[in-house]
Amino acid sequence: MLYRDALKKAMDDLMEIDDTIVLLGEDIGFYGGNYRVTDGLFAKYGEKRVIDTPIAENSIVGNAIGMALGGLRPIAEIMTSNFSLLAYDQIVNHLAKIRYMSGGDLCIPLTIRMPQGVAKQLAAQHSQSFERIFASIPGLKVFTASDSITAYYGLKQAILSDDPVIFLEHILLYSQDFPFYEIDNFDITKQRVIKNGENITLVSYLKMLHDSLQAVKEVEKVLGITVEVIELTSLSPLNLDLVYESVKKTKRLVVVSEEPKTGSFTSEIITKVMENCFYYLDGPPLRITAEDTPISYNRNLELFSIPTPDKIATKIINWGREHGL
Amino acid sequence: MNKSLAEKFYYYMKLGREFELRAKEEYMKGNIGGFLHLAIGEEGTHVGAILGFGNGEFFVHYRDHVYAIARGIPTKFLMAELFGKITGISKGKGGSMHFYSSSFNFYGGNAIVGAHIPHAVGLAYAKKYLGKSDGVMVAFGDGATNSGNFYESLNLAAVYQVPLLFFCENNNYAIGTRIDRVSAFKDLYKKAKDYMPAVQVDGMDVFEVYKAVSLAKEYIQQEGKPYFIEALTYRYEPHSMSDSGDYRSARELKLAQERDPIDNLLKKALKEGLLTKEFVEEVDKKVEMEIEEAVEFAINSKEPDLEELYKDIFCED
């Protein structure tokens, strides 16, 4: 199933049975959504439930907070995470705080969907990843969808949650076809082991998960080892039990993400692993991220600044050789 | 104005003022911390708006004490909140700026200027969608009318055609900056009049505010559309307890105090026989006792357990 169709199916399936679920965002209705995720829902549910908003992200989130307080279960789409900064006050000062400031009186069952990451030559203002700034705010849950399973089951879990959820998608995954099958008792907060292995634990999510999986084939061939790959489906709450368990076995950690390196969410993952598994490690962790630069329009510079399957493989192989693999 | 209305006006305005005078005292004693924004002088605006609006959801900024009192939230829970106690209306986690009570349809208590206005638009949308709206009111200050939140909300309330009353309390100062120095319009209702009906009233006259808000409420309920009121008022105290207030002249303050909303009501209502001296004395005594009890309740209430730090972050813990 296409990733975008899995997202749509999650919304559609729940909208059919619960008419308090409404969608709002830029171009999501009549136009069908910039990435076609909501295509067809406007015709099916009408303009009162699939609401075309003006280009005013602050109000999209601010209005959605009010809708949630008023008994609806809104799903706001921010066209890309780059524009979420216009709603940053609403997300941080209001969405994440109102329940606490009200002493637990109020609930805000709001899901904010947004794609992020580098696509192709969209330049500095349309290519960013922001998981670090959402996952570090108490009061927000932050989920990621890396394939059609997490897109469908994860988004459903986000929508049904009575708490605010930032639901991160990746701009280059929308048109990808992933296997889809039925799962009972899916829980996005538990993280997922994608592939078992013995010698390295690799942690990633969103598009970098797929680039890493490609790289791992090369790494395993060249080094003659196996790599365990863990997908983080929930960055907040951040339950790393699967990672600790894995690192205690493999004794080596690699984390891959598309954020610029300094202060990226990889730092949090590595810190927690160091706090919990320090004496199990056989060498320093490896962090593979984008460069600490804005993203360039020029294709060569763009690709030079972010991890690619080749670069991920080379970095892991060099690091592995340097540290006894 | 009739007798029972005049009595309610007096009771809530007096209760609001005495509550705040006492809060000021307790702040000086160190029993209340943080920022304390008083509305002394603005009672006609706050009480007139709440009583005029009746039922319906209400959103407000951080100068929220008198609005909450007029909504009928018992003063002991409000005073306990100022004292940071677990019995406070927000369990001591919000403080002066963050009174919340869903059972009183009181949605804060928000301390980011203008940022709560979009919430009111959204809630009004939800209620209209669910087909059960008494109307929604959002109060904000003159300072908020220069923010993007304000303009986005005027636009969207008009686009979505939601039953929402925009209530602007213009006390002439955005913290320490006089509004005409930073706003292109001195008459703030003019900012809204191309989006919806918009009027200006004397906020120092509780009955004028009440009348305007009652009419607005009727309009938004019957038409299902937004409406805008600007109430001209004045705060006697500085912006907050940590502000010197020296950006205003003594003469300006004195002129405002000559139009005091409580004195104003008393003068009129006693003359017209709507209030009696006996009633006023009785209310004064009752208010004094109620405030005393509220303070006692706050003092005797427990601090939150330290475990409370981790509670109320999520609904699903």
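Before any strand talk, my pairing rule: two strands pair if DSSP finds at least two bridges between them. Helices (H or I, at least four residues) and strands (E, at least two) are DSSP runs, numbered from the N terminus.

Housekeeping next. Residues are numbered from 1 along each chain as its sequence is written, while chains are lettered from A and ligands numbered from 1 in the order in which they are written. This is a predicted model, where local features need pLDDT of at least 70 and side-chain atom pairs count only at pLDDT 80 or more, but totals for chains, interfaces and linings use all residues.

**Entry: strands.** I then followed the whole sheet: it is open, has 7 strands with mixed pairing, and reads β2-β1-β3-β4-β6-β5-β10 in chain A. At its edges I have β2 (50-52) and β10 (234-236) of chain A, each pairing on one side only.

**Entry: chain A overall.** I count 12 helices and 12 strands in chain A. Its radius of gyration (over C-alpha atoms) is 20 Å, close to the 20 Å from the globule rule for 325 residues, so chain A is as compact as a globular protein of that length. That rule is 2.2 Å times the number of residues to the power 0.38. The C-alpha trace of chain A spans about 60 × 45 × 35 Å along its principal axes. Buried residues (20 or more other C-beta atoms within 10 Å of their own, with C-beta atoms placed from the backbone) come to 56% of the 325 in chain A.

**Entry: where the chains meet.** How many residues does each chain put into the contact? I get 34 from chain A and 35 from chain B, taking contact as C-beta atoms, placed from the backbone, within 7 Å. On the chain A side, α3 (57-69), α4 (88-95) and α5 (98-101) each give two or more residues, and α3(A) gives the most, with 9.

Entry: Leaving out residues up to four places away in sequence, I see B:Val138 touching several others, including B:Phe59, B:His116 and B:Leu164.

Key
Two residues are in contact if their C-beta atoms, placed from the backbone, lie within 7 Å. A residue is buried if 20 or more other C-beta atoms lie within 10 Å of its own, exposed if 12 or fewer, and partly exposed in between; C-beta atoms are placed from the backbone.
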